[in-house]
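Please have the structure open while I talk.

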Amino acid sequence: RGLHDVSMGWRERQSVGDAEGDSSQARRCRIDARSDSGTLGVKFGIFHELATPRPLTRENEAKVIRNALEQVRVADEVGFDTVWAVEHHFLEGYSHSSAPEVFLTACAAQTEKIRIGHGAVVCVREMNHPIRVAERAAMLDIISDGRLEFGTARSSTWTELGGFEADPDRTKQDWDEYVRAIPGMWTQERFSWAGNCFSMPERAVLPKPLQQPHPPMWVTVTSTGTELDAADRGLGCLGVATASLQAQERRTKEYHRRIQLSNPMGHVNDKVATLNFMYCHEDLKTAAERGMKFLGQFGLLNSHLLFTREAYPTTGYQSLGGISAPGGSKSGGNPGAAYGVPEGVCIGDPPAIIDAIKRWESVGVDQVNFLVNACEALPQDQVLESLRLFAEEVIPAFRKEEPTEPAGHAAAPSGRSET
């Protein structure tokens, strides 16, 4: 594959001007995720925390990473759209993904089509300098042939912030400065900055990313209100905490209304993604037994996290920021309810999962990302079988065909390329 053969057509969708800080220009060249869904439907990703079982041996860590890479290779082969990897530090068992840029480089080197989701870089000065963030992300975009999705975050646990001696009252200001400065580093030949978080004299920040004007940018959303921060800055909404269908619909509507008024520093990404749990099996009962096993394991790990609001007197974190499944439902519209599967969770047989995804699609979600295992609770062969069955039975239900030529229109001449 040629280095400039940019996957998924992002170059064509984004190359409208050079977008070097002109906010009016940026508003004119928005990425319209909803126009994408007219032909592709909902997109699907797999989401890696690299949760590791005890005992926390080097062998177990290596096994988790090897299995995750195999899952990514299979996901690429069968038609998933994106792989995401988080950045976490010091969270024993819950997440050993402290160097996601390295893991994602391996993903890029071992795949061909799947997009590479940095989900997300912690934009806090004590953890990652913004210049290094821009440089590493640009290199990853080149290595992946223009497949990078660039997520941003500010961390939510005291274990991480305290470990780096970061000030929780400053993290939002740091993040805001990063997402405003980094697009300029990517798009301007030379860049300088004078801010509260960092300053730099005029320099050429190299290399530049392959995608033009730059990779799509996101912010992780763990609590109500962050989607508005995303909209105001023209960033995609990367949900990494579960929400009810009703809450998701309300927040998505307000996000899309508000992003039309945004004054972004870079190219606008108006996509909305949500996080879910997925296990697919032909038998609904078997799917529930296996899927709820790893969901429960992950929920237990999440409950042990020490969130910043619990440990530090700060107004910078208004809510807890964990990933957990919504409560169970006995609704007649939830096929898995009889087996304890919460409403909207993608654990079940293919028809049950299709029904759940259609509900998320109906409230405006553009992409559903899945946790597919936790702490090796499921054997690897079961995880891979689930991915393959999902791709065979579920994905086609959301891959809408391109519109055909109206009756009476002549067919394209032989040799003409179709889009």
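I will take cavities first, then pockets, then the packing of helices.

A word on the basis: this is a predicted model, in which local features need pLDDT of at least 70 and side-chain atom pairs count only at pLDDT 80 or more, while totals for chains, interfaces and linings use all residues. Residues are numbered from 1 along each chain as its sequence is written, and side-chain values use heavy atoms, with hydrogens and water left out.

Let me settle the terms for spaces. On a 1 Å grid over the protein atoms alone, a cavity is a set of points where a 1.4 Å probe fits but cannot get out, whereas a pocket is an open set with protein on both sides within 12 Å along at least five of seven lines, and a lining residue has an atom within 4 Å of a point. Grid points are joined across faces, edges and corners, and a volume is the space filled by probe spheres set on the points.

How many cavities of 30 Å³ or more does a search of the whole structure find? The search finds seven, and the largest cavity holds about 150 Å³ of space. Its lining consists of 16 residues, and those closest to the centre are His48, Leu50, Ala51, Asn373 and Ala374. Two elements, β1 (43-48) and α4 (58-78), each give two or more residues to this lining, and α4 gives the most, with four residues. When I say helix, I mean a DSSP run of H or I with at least four residues, and a strand is a run of E with at least two, both numbered from the N terminus. Sorted by class, the lining of the largest cavity has ten nonpolar, four polar and two charged residues; here Ala, Val, Leu, Ile, Met, Phe, Trp, Tyr, Cys and Pro count as nonpolar, Asp, Glu, Lys and Arg as charged, and the others, Gly among them, as polar.

The second largest cavity has a volume of about 120 Å³. It is lined by 13 residues, with Val221, Cys237, Gly239, Gln248 and Arg251 nearest its centre, and the elements that supply two or more residues are β8 (236-239), α10 (245-259) and β9 (272-280). Of these, α10 provides the largest share, four residues, and the lining as a whole has eight nonpolar, three polar and two charged residues.

Now to the pockets. About 620 Å³ of space lies in the largest pocket, and among the 36 residues lining it, Arg154, Ser155, Ser156, Thr220 and Thr222 lie nearest its centre. Which element contributes the largest share of this lining? That is β3, with three residues, and the lining divides into 14 nonpolar, 16 polar and six charged residues.

The second largest pocket has about 260 Å³ of space. Arg54, Glu92, Tyr94, Leu301 and His304 lie nearest its centre, out of 16 lining residues, and helix α11 (residues 284-303) gives the most to the lining, with three. By class, that lining has nine nonpolar, five polar and two charged residues.

Finally, the helices. Axes are lines fitted to C-alpha atoms, for helices over the stretch in contact, and angles run from 0 to 180 degrees between N-to-C directions. Angles under 35 degrees count as roughly parallel, over 145 as roughly antiparallel, 65 to 115 as roughly perpendicular and the rest as oblique, while contact means heavy atoms within 4.5 Å.

Helix α6 (residues 130-143) packs against helix α8 (residues 171-187) at an angle of about 50 degrees, with the axes 10 Å apart, which makes α6 oblique to α8. Pro130, Ile131, Val133, Ala134, Ala137 and Ala138 of α6 meet Tyr178, Ile182, Met185 and Trp186 of α8, a contact of ten nonpolar, no polar and no charged residues.

The axes of helix α13 (residues 350-362) and helix α14 (residues 380-394) come within 10 Å and cross at roughly 70 degrees, so α13 and α14 are roughly perpendicular to each other. Here Pro350, Ile353, Ile354 and Ile357 of α13 touch Leu389, Phe390, Glu393 and Val394 of α14, giving seven nonpolar, no polar and one charged residues.
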